[in-house]
Amino acid sequence: DFAFARRMRGEKAMNKTFRSAAALALCACLAAGGCSGGKNEAKRGGAPEQVFTFSNGTEPETLDPGKMTGIPEANIALALFEGLVALDHRTLAPVPGVAERWEVSDDGKVWTFFLRKNARWSNGDPVTAHDFHYSWKRVLEPETASRYAYQAYYIRNGAAYNRGDLKDFRQVGVKVVDTYTLRVELENPTPFFTDIAAFHTLFPVHKKTVEKYGDRWTRPENMVSNGPFLLKDWKPRDRVVVVKNHTYWDAGAVKLEKVVILATEDENTAFNMYEAGETEWIRTVPLPQIPRLKDKRKDFHITPFLGIYYYLFNTTRKPLDDTRVRKALDMAVDKAKICEYVLKAGQQPAAAFVPPGIPGYTSPPGPPYDVKRARQLLAEAGFPDGKGFPRLTILFNTHEAHKSVAEVIQQMWNQNLNVRVELENKEWKIYLKERETLNYDIARAGWIGDYVDPNTFLDMFVTGGGNNNTGWGLKRFDDLIAAAAGTFDPGERAKIFREAENILINEQMPVMPIYYYVNMNMIKPWVKGFHFNVRDYHTLKGVYIAPH
C-alpha cells in the first residue's frame, strides 16, 4: 500500500508490568523534555552494541518477496534479499546489487545484467542467472497469484504468460546467457527498469528451498536468502529478528549484528516504547503528539514522501456503481480541514491522484470541495437530500490515524449530504483479504511510489490489475496506460498520463484522493548511516550504532 499505506497491524497489548515500567520511564523522559536514553545508553564510553530495534507498524502478511505487497513486508525483504540492482538510500539512484554492471541496447529494449561471481546464498550456494530466471518465472506463474506480477509485465510476453494466454515460458524475454549473465528483453523501452529490477517482486528466491518446503520456506528454520541479513526468528504478532549474513558478498559494509523488527500496531504503544528507549526508530507518531514534537524535537523528522492516502469505492456495489454518487461523496469532503485540523504535520489535500514532485509531470486539476454540486449530483443519482441512500461502511485497518480520518469523513458526509456510514476496523491480513475479494463498500488505501514516475500510481488501475481492488475497469484507460508504456518521449508520455489521470479522478472516480503523505520518522541520535528519501526506502546495510 501501500501505506500508512503503510500497511499496519501487530502487537495487541503490552503486559501490565511492562506498561507500568514504560509509563514511569515515559513520565521521567517527558519531564526532562524528551528521552535520549535506552538500551545503548549503557554503552556510553565503550563500543556500542550493534543492535537496532524499530517498530514496523504491523505483522507482515508474508516474507515471500514474490507475494508481498505492503511496505512493512518490503522493509523486511530489503534486509533479507537483494535484487540485480539496489538503490542508494540517499538519492534512490540505481547502484549495483547482485549484478555488478549492466548494459542497455541502443533501442532501450534489451538489458544485459552481469552478475558478480562472489554473490552467495546464505547456505553458501552461488547466486546465478538461473536463480533470477526461476524466480521471475515463479512470479509470473498464474498459480503463484502474485498481486505484483504486473511489475514483470515490462518484460516481453510477461503479461501474456501471467494471464495464461501463453504457455511456453521460453517465449518470455528472460534468457540465461550463461551462469552469471542474464538477458532481459522488454516490451518497450523502459527507462526506469533499474528501479523495477531493484523492487522486491523481482528479488531472487532459492529454488531448492522453495520446492522442498513449499509455503513453509519462509520459516526461520528453512529460509535461505541472499541479502545483508538472515532470518533468525519470527514470533507472529510480536517481532521478526534478523542477524548479519556473513556470506553476503558485501558483508564488510554491514555494521549491524542484529535488527529487531517489532510488529507494534498501536501508535501510542510504539511511541511510548520509543520514548522509553526500547526502540530506536518509529515510522509515524500519534496525531496528538505532532504539535508538541514539531519544531521542538531534533529526533522528529518531517520530510517529503511520494505517496497518497485515498479511499477505494467498490464499483460493483450499488449505489457506488454510479459515477455521480462517487463524485458526490468526493466533493462533500473538505480535505484541507482534514490536513489542518486532524493530521497537522504538513500533509497536503489531494484532488489529483499522482503526488506532486515527479519531474516533468503535473496532474490535471481534480474536483474541488463543493457541497452544493455534491448535493446536486446525489439528487441526480436518485437520492435527494440523502433520502433512500443505503447505509454503507468504511473499511480500514487498525491504526489510530485511519480511524480519525474516517470519523471526520463520516461526519462530513452526514452533515453535507445527509448520508450515514458506519466504520469497520479489521486487522491487517483480514483487511487486505476483504479489499482483494471486493468484500467492502468503501475502503481506506494508500500508495507509495515504487519508482519516481507517474506510471507507478496509474498502471495499477488497469482492468483486473492486482492492486486495483475497485472492480472498476475501462478500456480507454487501459489503452492509454499501454500507449504510455510504448512511448519514449517524456513530453508525450506526460500528456498521455494526464489524460489517463483525468479519466481516473474527474470522469470515473473509482478512487477518492484525500491527502499526500509526508514522512514522519523519529530516530535516535546515536543511529548513524540512516538517510531520508521520498520513498522512505531503507536497506539498513549502512546503518550502525555510534558511541554517544
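1. Contact here means heavy atoms within 4.5 Å. On that criterion, Ala 253 touches Lys 541 and Gly 542, leaving aside residues up to four places away in sequence. Ala 253 and Gly 542 are 289 residues apart in sequence, yet 6.3 Å apart in space, C-alpha to C-alpha. Ala 253 lies in the loop between strand S9 (239-244) and strand S10 (258-262). Its relative accessibility is 26%, so Ala 253 counts as partly exposed (buried is under 20% relative accessible area, exposed over 50%, partly exposed in between, with a 1.4 Å probe and protein chains only).

2. Basis of the values. This is a predicted model, in which local features need pLDDT of at least 70 and side-chain atom pairs count only at pLDDT 80 or more, while totals for chains, interfaces and linings use all residues. Residues are numbered from 1 along each chain as its sequence is written, and side-chain values use heavy atoms, with hydrogens and water left out.

3. Overall fold. The protein chain has 16 helices and 19 strands (DSSP runs numbered from the N terminus: helices are H or I of at least four residues, strands E of at least two). The radius of gyration is 24 Å, close to the 24 Å from the globule rule for 548 residues, so the chain is as compact as a globular protein of that length (C-alpha atoms; the rule is 2.2 Å times the number of residues to the power 0.38). Of the 548 residues, 59% count as buried. Among contacts with a separation of 6 or more, 71% join residues 24 or more positions apart.

4. Aromatic pairs. The whole structure holds 28 aromatic pairs (rings of Phe, Tyr and Trp, the last by its six-membered ring, with centres within 6.5 Å; planes under 30 degrees apart are stacked, over 60 edge-to-face, the rest tilted). One of them is the stacked pair Phe 52 and Trp 281, at 6.1 Å centre to centre and 15° between the planes. This pair links strand S1 (residues 51-55) with strand S11 (residues 281-282), 229 residues apart. Both Phe 52 and Trp 281 are buried. Trp 111 and Phe 113 have ring centres 6.3 Å apart and planes at 20°, so they too are stacked. Trp 111 and Phe 113 are buried as well.

5. Ring cluster. Ring pairs join Phe 52, Phe 54, Trp 281, Phe 530 and Phe 532 into a cluster.

6. Charges over rings. Arg 116 lies over the face of Trp 249, 3.5 Å from the ring centre (the cut-offs are NZ of Lys or CZ of Arg within 6 Å of the ring centre and within 35 degrees of the ring normal). The charged end of Lys 137 sits over the ring of Phe 169, 5.9 Å from its centre.
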